[in-house]
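Biologist: Could you take me through one part of this model, the spot where the ligand sits? I'd like a close look at what is around it.

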Amino acid sequence: MQANSECRYFVREYELNDGQILKINQNEIGDVGCVVWDAAIVLSKYIESQSFKNILTLDGSNILEIGAGTGLCGIVSSCLGAQTTITDLPQFQNLINKNINENKHLIKGKAKFQVLEWGKDLELFKKDEFQCILMSDCIYYDESLEPLLTTLNQLCSRDTKIFCSFERRDTEHKKRLEKEFFKALGKDFKFYTIPISEQDKVYSCDDIVILVVEKKQ
Ligand SMILES: C[S@@+](CC[C@H](N)C(=O)[O-])C[C@H]1O[C@@H](n2cnc3c(N)ncnc32)[C@H](O)[C@@H]1O
């Protein structure tokens, strides 16, 4: 099923660290990306705290979110001053544009939607166009593992930082998927886990992992 304009919406509020409230529309019916996943909240809060501590400079940076779903992480980044391109499959265009438009009074940088299907659309962006790539809960589909890796390889230079969050799941299938993804990722990329002590104190938990991923030198 698709996230289209005929779907009914329900709102998830996200409180920015300055107390302002983002209203993120979710679709009642649709594919998994139609709702905000916990991994997106954990990653957004981490990005906010890093930006607040001046460890991550978002103001004026070009940020790409892939597999964005509702677009939360990208919208949060644009509220911190980033020039953000928020991407997903074409059926997410209405939902993400709605979320960008309805939160535009809080956006200090820029946010725009663009279709990016992993493994395709490879000529869309230049290799070093983005300083950061955000991906939350994208290690989810058997059929998308290879295309996702192709896209990451295409988009990343040695200076690109990928912030990747995902929820550890108990099923044998998801465990295998995770293992396969990280084995394949390790061929061209190095990565490390952000310890929970460096994450947001409230919006963090053992089941949700944040990794920083970079191209091997
Ligand atoms: C589990 S959802 C996570 C959504 C959002 N990042 C979050 O954490 O709330 C995975 C997202 O990946 C997107 N996706 C899956 N396969 C894709 C592909 N081949 N190309 C682009 N996006 C894809 C889905 O449309 C969906 O929005």
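Modeller: Here's a walk around the ligand and its surroundings. Keep in mind that this is a predicted model. The mean pLDDT, which is the predictor's confidence, is 93 for the protein, and 97% of the residues reach 70 or more. Residues 1-5 are another story: the pLDDT there is below 50.

Now for the ligand itself. The space it takes up is the largest pocket. Around the ligand you'll find 19 residues, and the ones that come nearest are Trp37, Gly67, Asp88, Trp118 and Ser136.

Let's zoom in on some atoms. With Trp37, look at the backbone: an N or O atom there lies 3.0 Å from an oxygen atom of the ligand. With Asp88, look at the side chain instead, where a polar atom lies 2.6 Å from a ligand oxygen. Ser144 also uses its side chain, with an N or O atom 3.4 Å from a nitrogen atom of the ligand. As for cover, the ligand on its own has 590 Å² of accessible area, and the protein covers 96% of that.

Conventions. Residues are numbered from 1 along each chain as its sequence is written. This is a predicted model: local features need pLDDT of at least 70, side-chain atom pairs count only at pLDDT 80 or more; totals for chains, interfaces and linings use all residues. Side-chain values use heavy atoms; hydrogens and water are left out. A residue is near a molecule or strand if one of its heavy atoms lies within 4 Å of it. A polar contact is a pair of N or O atoms within 3.5 Å; within protein, one must be able to donate a hydrogen and the other to accept it, and residues adjacent in sequence count only if both atoms are side-chain atoms. Accessible areas come from the Shrake-Rupley method with a 1.4 Å probe; for residues, only the protein chains shown count as cover. On a 1 Å grid over the protein atoms alone, a cavity is a set of points where a 1.4 Å probe fits but cannot get out, and a pocket is an open set with protein on both sides within 12 Å along at least five of seven lines; lining residues have an atom within 4 Å of a point. A molecule sits in a cavity or pocket if more than half of its atoms lie within 2 Å of its grid points. pLDDT is the predictor's confidence in each residue, from 0 to 100. Contact means heavy atoms within 4.5 Å.
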